[in-house]
Amino acid sequence: MITLLQSANGQQSMLPTILMMVVLFVIVYFFMIRPQQKKQKEIQKFRNSLTVGQEVVTIGGLHGTIKSIANNTIVLKVATGVDLTFEKSAIVPVGTPAGQQA
């Protein structure tokens, strides 16, 4: 491929290098960046749709039922008489591994 893109006077062109960098960026975008952005949007949509009485899991693995929701905090009922306050960002959809939250 490089020999096909060489200029007529024997000097190598910068075109193959630039082309390879562009292709590499496109591959990284479609296999790493785009899926991560999509997952972050899904998790944010989940967090915005939380309702009182819904069972959720925190990033630490604590299961509970939402007792109340304020601006950025959620109060979870984890046992009888035990209420804990968490940030909304600490709540993940069920089935999402803790290391992959946004």
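Q: Which residues make up the largest nonpolar core?
A: In soluble globular proteins, nonpolar side chains tend to be buried together. In this predicted model, the largest such core has seven residues: Phe46, Leu50, Val56, Ile66, Ile74, Leu76 and Ile91.

Q: Which residues does Phe46 touch, leaving out those up to four places away in sequence?
A: Phe46 touches Gln54, Val56, Ile91, Val92 and Pro93. Among them, Val56 and Ile91 belong to the core along with Phe46.

Q: Where does Lys88 lie?
A: Lys88 is in the loop that runs between strand S4 (82-87) and strand S5 (91-92).

Q: Is Lys88 buried or exposed, and what is the nearest side chain of opposite charge?
A: Lys88 is buried but has no salt bridge. A salt bridge needs the charged atoms within 4 Å, whereas the nearest side chain of opposite charge, Glu87, is 9.7 Å away. With residues up to four places away in sequence not counted, Lys88 touches Arg47, Ile69, Asn71, Asn72, Thr73 and Ile74.

Q: How many aromatic pairs does the structure hold?
A: The structure holds one. Tyr29 and Phe30 form this pair, with 5.2 Å centre to centre and 85 degrees between the planes. The pair is edge-to-face because its angle is over 60 degrees.

Q: How accessible are Tyr29 and Phe30?
A: Tyr29 has a relative accessible area of 30%, and Phe30 has 46%. Each value falls between 20% and 50%, so Tyr29 and Phe30 both count as partly exposed.

Note on methods:
Residues numbered from 1 in each chain as written. Predicted model: local features only at pLDDT ≥ 70, side-chain atom pairs only at ≥ 80, totals over all residues. Heavy atoms only, no water. Helix = DSSP H or I, 4+ residues; strand = E, 2+ residues; numbered from the N terminus. Buried < 20%, exposed > 50% of the residue type's maximum accessible area, 1.4 Å probe, protein only. Lys, Arg positive; Asp, Glu negative; His and termini not counted. Contact = heavy atoms within 4.5 Å. Core = buried A, V, L, I, M, F, W, Y, C linked by side-chain atoms within 4.5 Å. Phe/Tyr/Trp six-rings, centres within 6.5 Å; stacked < 30°, edge-to-face > 60°.
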